[in-house]
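Subject: Handing over the structure

Hi there,

Here is the structure I promised to pass on to you. Please open it next to this message and follow along as you read.

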Amino acid sequence: MTTIKSVALGAAALVALATGSAQAKTVVVRAAHMIDVLAGKRVDGAQVVITDGRITAVGKSGDAVPAGAEVVDLGQRTLLPGLIDMHVHLTGDPTLSGYRGLEFTDNLSTVIGVANARKTVEAGFTTVRNVGSANYDDVALKQGIELGYVPGPRIVPATYALGATGGHCDSTEFPPSITVPSPQIANTPEEFRALVRKVRKYGAEVIKICATGGVFSKTDSVGAQQMSFDELKAVADEAHMLGMRVAAHAHGTAGINDALRAGIDTIEHASLADEESFKLAKAKGAWLDMDIYNDDYILAEGEKNGVFPESLAKEKMIGRKQRETFRAAHAAGVKLLFGTDGGVYPNGYNARQFAKMVEWGMTPIEAIQAATKSAAEALDRTADVGAIATGRYGDLIAVDGDPLADVRTLEHVAFVMKGGEVVKPAQ
């Protein structure tokens with residue numbers, strides 16, 4: 001019977017751990033080039049030393065190699081830190097849109113998540129923020145990955161996305177005769193405070209709320225505000241007191257601006273943000289997280305996938321405007337993140353957004369920093385992820401070519417390492 005090493009270490013390993021006599025595993029990774037996302041430049045002849053999963057040295061090829069180290073030579077490839085997607089739904093499958101998902105048992109989403117986790121990490125995304133899943137599926141998936149049962153990225157789970165009755169986070173696709181459990185719904189500031197405490201109790205590491213209507217919900221306007229300022233403030237205050245950050249789904253201007261005034265940390269989608277939004281975001285130190293790739297997929301594949309006709313109409317109305325807002329926000333100096341809404345399009349295609357970010361105003365290094373340095377800052381995890389730097393996890397990827405010259409090279413990752421362990425070997 002095969003055991004999973006992270007679960008069943010064996011007697012000798014347990015003794016070694018207890019006595020501190022276990023020999024540290026050291027891996028040395030070399031590549032012709034490396035993107036230093038902190039400095040914003042490419043460096044040549046890179047060598048990275050990783051011991052017990054964390055980076056212990058970043059130097060040049062030819063530096064001394066620790067005795068007994070395993071050496072991974074990536075040749076002429078370019079090394080980057082593992083990428084971070086700040087807005088995914090790993091348990092989502094866009095081909096089961098509309099009412100199609102009702103054909104299956106509730107927990108199929110967990111199985112979908114296992115498959116998507118592998119696709120995501122093999123695409124080079126070694127960390128994701130999962131901003132909404134039912135049944136605490138994202139917590140189960142995170143635990144399964146950490147225990148070694150399945151491969152996948154580091155997950156920052158939100159569990160349920162919280163919202164108001166009849167809002168984007170509610171089940172709005174059924175008639176009154178059909179009721180479904182709604183453990184994520186609240187309607188007063190105090191009820192929202194209680195929900196923050198509840199989801200944190202069961203594994204949430206970030207809070208996700210729905211401040212406005214959305215594209216894929218029925219019966220609402222995509223831009224209409226759905227949580228009052230007092231409710232938004234209650235969520236922000238409660239989460240911050242508990243040491244958590246808050247992400248707000250918000251397309252409409254009023255909802256975006258009230259969320260920023262309330263102290264929400266990241267605004268998801270931000271399609272109709274205006275000049276006031278930009279001023280508030282800069283004053284508050286908040287981030288906009290805009291999924292500007294998936295419009296292409298939704299409009300091309302949505303009808304075939306069962307997306308509601310009214311949702312397609314909303315997407316046609318909002319998609320280009322969101323991209324124009326992205327360009328304006330970047331020009332205004334607003335802090336921007338890399339978040340794709342994976343699950344609305346197929347997980348694993350995450351890197352397709354880089355080219356859109358460049359098309360709509362960013363330089364390649366800015367787009368890469370949005371998915372590394374900036375994302376780590378917004379997660380408050382700069383000690384762990386987001387750069388190839390001493391002390392951080394040995395999460396590395398490599399590509400053929402120079403992503404600063406052609407950012408599309410990130411769509412074809414040749415090598416992935418997570419915590420010093422090879423996830424996708426170079427061919």
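This is a predicted model: local features need pLDDT of at least 70, side-chain atom pairs count only at pLDDT 80 or more; totals for chains, interfaces and linings use all residues.

Residues are numbered from 1 along each chain as its sequence is written, and side-chain values use heavy atoms, with hydrogens and water left out.

Strands here are DSSP runs of E with at least two residues, helices are runs of H or I with at least four, and both are numbered from the N terminus. Two strands count as paired if DSSP finds at least two bridges between them. In general, strands of a sheet pair through backbone hydrogen bonds, either parallel or antiparallel.

S9 (residues 206-210) is worth a look. Five of its five residues are buried, so S9 is largely enclosed by the rest of the structure. Buried means under 20% relative accessible area, exposed means over 50%, and partly exposed lies in between, using a 1.4 Å probe and protein chains only. Val206, Lys208 and Cys210 point one way from S9, whereas Ile207 and Ile209 point the other way. S9 runs parallel to S10 (residues 245-250), and five bridges join the two; in one part of this pairing, Lys208 has Ala247 as its bridge partner. On to S11 (residues 266-269): S10 pairs with S11 in the parallel sense over four bridges, and His249 stands opposite Glu268. Touching, or contact, means heavy atoms within 4.5 Å.

**The three-stranded sheet**

Another open sheet has three strands in the order S6-S7-S8, also with parallel pairing. Its edge strands, pairing on one side only, are S6 (83-88) and S8 (154-157). Here neighbouring strands are turned by 15 degrees against each other on average, direction ignored. Four bridges join S6 to S7 (residues 125-130), with Ile84 opposite Thr127. Helix H3 (residues 137-146) packs on the sheet and touches S7 and S8; its direction makes about 155 degrees with that of S8.

**Two helix pairs**

H4 (residues 189-201) and H5 (residues 229-241) pack at an angle of about 30 degrees, with their axes 8 Å apart. They are therefore roughly parallel to each other. Angles under 35 degrees count as roughly parallel, over 145 as roughly antiparallel, 65 to 115 as roughly perpendicular and the rest as oblique. The residues of this contact divide into six nonpolar, no polar and six charged. Here Ala, Val, Leu, Ile, Met, Phe, Trp, Tyr, Cys and Pro count as nonpolar, Asp, Glu, Lys and Arg as charged, and the others, Gly among them, as polar.

H8 (residues 294-305) and H9 (residues 309-331) have axes that come within 10 Å and cross at roughly 160 degrees. H8 and H9 are therefore roughly antiparallel. Among the residues making the contact are Ile298 and Leu299 of H8 and Leu312 and Arg323 of H9. By class, the contact has three nonpolar, three polar and six charged residues.

**Single residues**

Lys25 sits in the loop between H1 (11-19) and S1 (26-36) and is partly exposed, with a relative accessible area of 35%. Lys25 and Asp52 are 27 residues apart in sequence and 5.3 Å apart in space, C-alpha to C-alpha.

Ala270 has a positive phi of about 55 degrees although it is not a glycine. Ala270 lies in the loop between S11 and H7 (275-284) and counts as buried at 0% relative accessibility. Asp341, in the loop between S13 and H10 (352-359), also has a positive phi, near 65 degrees, and is buried at 8% relative accessibility.

Definitions and conventions
Axes are lines fitted to C-alpha atoms, for helices over the stretch in contact, and angles run from 0 to 180 degrees between N-to-C directions.
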